[in-house]
Amino acid sequence: MFSDNKGPWGSPPGSGGGDPPSGDEPAGPWGEPPKRRNRPDPVSSLDEFLQRSRGRFGGGGSGGGLGFGGGPSGSLIFWAVVAVASLWLLVTVFHRIAPEERGVVTRFGRYSHTLSPGVGLTLPAPIDRVQKLNVEEIRNIDIGSAAEETLMLTGDQNIIDIAYQVRWLIRDPEQFLYELAEPEETIRQVAESSMRQIVAQVTLQDAMGVKRGDIESRVQEEMQQTLDGYQSGIAIQGVAIKQADPPAAVNDAFKEVNAAQQKAQSYINNANAYALQLRQKAQGDATAFDKVYEQYKLAPGVTKRRMYYETMERILQNVDKTIVETPGVTTYLPLSEIRRSTPRTGGQ
Amino acid sequence: MDAARRHPVASLLIGFLLLMMIFSSISIVPETRQGIITRFGKPVRIINRYKDGAEIGQVGAGIAFRIPFVERVDWIDKRVRDIEMDKQQVLSTDQLRLEVDAFARYRVVDPLRMYIRARSTDQFEQTLAPILGSQLRNELGKRPFASLLSPEREGVMGNIRQGLDRVARQYGAEIIDVRIKKADLPDGTPLQSAFDRMRTARQQEARSIEATGLKKAQIIRAEADAEAANTYAAAFGKDPEFYNFYRAMQSYETTFLGVNGNKPAQTNIILSPNDEYLKEFTGR
């Protein structure tokens, strides 16, 4: 920026822009070139220069008059210089700071003050410089992604593949500009380091499941503490774990656990269904028996007979029947014979 | 005046030289840097030196003067910078390997010493990186693997920071902190065996979950069986004889007629006239 010693002094429009024409005619129209050049302060020189010129032109009217003898081209150059200079002033003196911005002003490199939103006035450019920083914008840093694995050791010496995002913003623009050499890189490193530190204190199961939120807030806290130690002027807004999975190499085994859980559940469901069915049936049967038994007890003999005949009726009306007079005859008939003969006998 | 008019080229040259002198006697010192002014190589003073707790913009930065051509300004960064270390393999006391990647943050507090000892911060960083590595190996090598993962690590880092700080002080730098960025199992056998361990652990878990499921299912079934038996016994126990008859009737129906629309195989029944059912049929 200002490392070149000549830097800021070389650019003021008063001397720098005005030099070339006088260089062509060194002794002529500018009167006393060496003296003017010796003047150290470009601002006052510029002001005087402008005043003098205004005076001249107000009186003289045409560009050719009053010692400003460079001819028509000289006056043109002069006006060009004036235009450039005023534009320069306009641009570098007024600074529009948007509501989300802060303008950090440095005077000859030294921090002077910070401009709040609105229009801020400063000295022209080589003296005052304004760096605008957005202090409201939340910036993101992503570490790890679905595409590549970011492996970390957990407290139970397992390995987890984790991807997360850090959201941060500039809290203190001056500190942010002057205290850290590489702010973004620093945040990234601190994030990685903090995440590993915290993940190394929990188990794999916790990291994948229930303790995610807890890890996020602890990492945020740890990061903020570390960054405050650097006086970085950075506020960590949040840490979000986007993904916390077992590494691809062992993913199948983890899926097996899942499958086993499903299987176990289905065993239990089946057993429950069986149990429910059995219970209902038992109750149904028992109730039915009770009902019948109640009736039976009123008239045991009759009921029993009635039930017997009814049942027999139902059975025998639907099956083929053979009535054999003498017991034992069937033994001489092959089964197929009986079967063939049944239609005939069935008619009886 | 007349002289200037008479020798325009010479006066221009002199003017230019004067301007150069003025420009080169002024230095703009930004907030982010500390300057060491040396006169013919001998350090004479320091500008914008870091002071702990100093407010930004109070002192130091801004315009500084020096004698042109005689004094020279060298710049040293004033901000917090970082030393990055290459990955190091660390062997824990229980002979487990760990690949460690760490970084240190430092700030130059004595730019003159830094300038004399190391010339530039880059040089300093290069010098300190291997020292950080060896510090790390030494400290972590004194501990078992498990403690490298535990909160105890904080204390380890404190020790490393102090050790490194002692070295850094000689260069006029202050180590703010040392942090482990990565601590991983090295690729190859250690990582693979860790994966294998994880895999077998999961498989074991899967089996045990399945077995537990089966066990639960069995218990549920057995309980249901028991309950059903109880229900039956309570009902049927009132009259075992009648139950026998009643159940036989049901059983015949099921066997010969089928249940729920299930037709049994074609049945032939051979009846004897002496049969209980046909007793009345014969008219006896």
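This is a predicted model: local features need pLDDT of at least 70, side-chain atom pairs count only at pLDDT 80 or more; totals for chains, interfaces and linings use all residues.
Next, colour the whole contact between the chains. Chain A contributes 93 residues and chain B contributes 89 residues. On the chain B side, pick out helix α7, residues 189-236, which supplies 27 residues, the largest share of that side. Colouring the chain B side by residue class gives 50 nonpolar, 25 charged and 14 polar residues.

Now move to the largest nonpolar core, which has 82 residues. Select A:I160 and A:V199, the members that touch the most others in this core. Around A:V199, leaving aside neighbours within four places in sequence, the contacts are A:M152, A:T154, A:I160, A:I162, A:A207 and A:I215. Apart from this core lies another, of 13 residues, including A:A264 and A:A271 as well as B:A206 and B:A228.

The last stop is B:I83, in strand β6 (residues 81-84) of chain B. B:I83 counts as buried because 23 other C-beta atoms lie within 10 Å, where the cut-off is 20 or more. Beyond four places in sequence, B:I83 is in contact with B:F103, B:A104, B:Y106, B:E125, B:L128, B:A129 and B:L132. Draw a distance from B:I83 to B:L128: their C-alpha atoms are separated by 7.4 Å, although the two residues are 45 residues apart along the chain.

Note on methods
Residues are numbered from 1 along each chain as its sequence is written. Chains are lettered from A and ligands numbered from 1 in the order in which they are written. A nonpolar core is a set of buried Ala, Val, Leu, Ile, Met, Phe, Trp, Tyr and Cys residues joined through C-beta atoms within 7 Å. A residue is buried if 20 or more other C-beta atoms lie within 10 Å of its own, exposed if 12 or fewer, and partly exposed in between; C-beta atoms are placed from the backbone. Two residues are in contact if their C-beta atoms, placed from the backbone, lie within 7 Å. Helices (H or I, at least four residues) and strands (E, at least two) are DSSP runs, numbered from the N terminus. Ala, Val, Leu, Ile, Met, Phe, Trp, Tyr, Cys and Pro count as nonpolar, Asp, Glu, Lys and Arg as charged, and the others, Gly among them, as polar.
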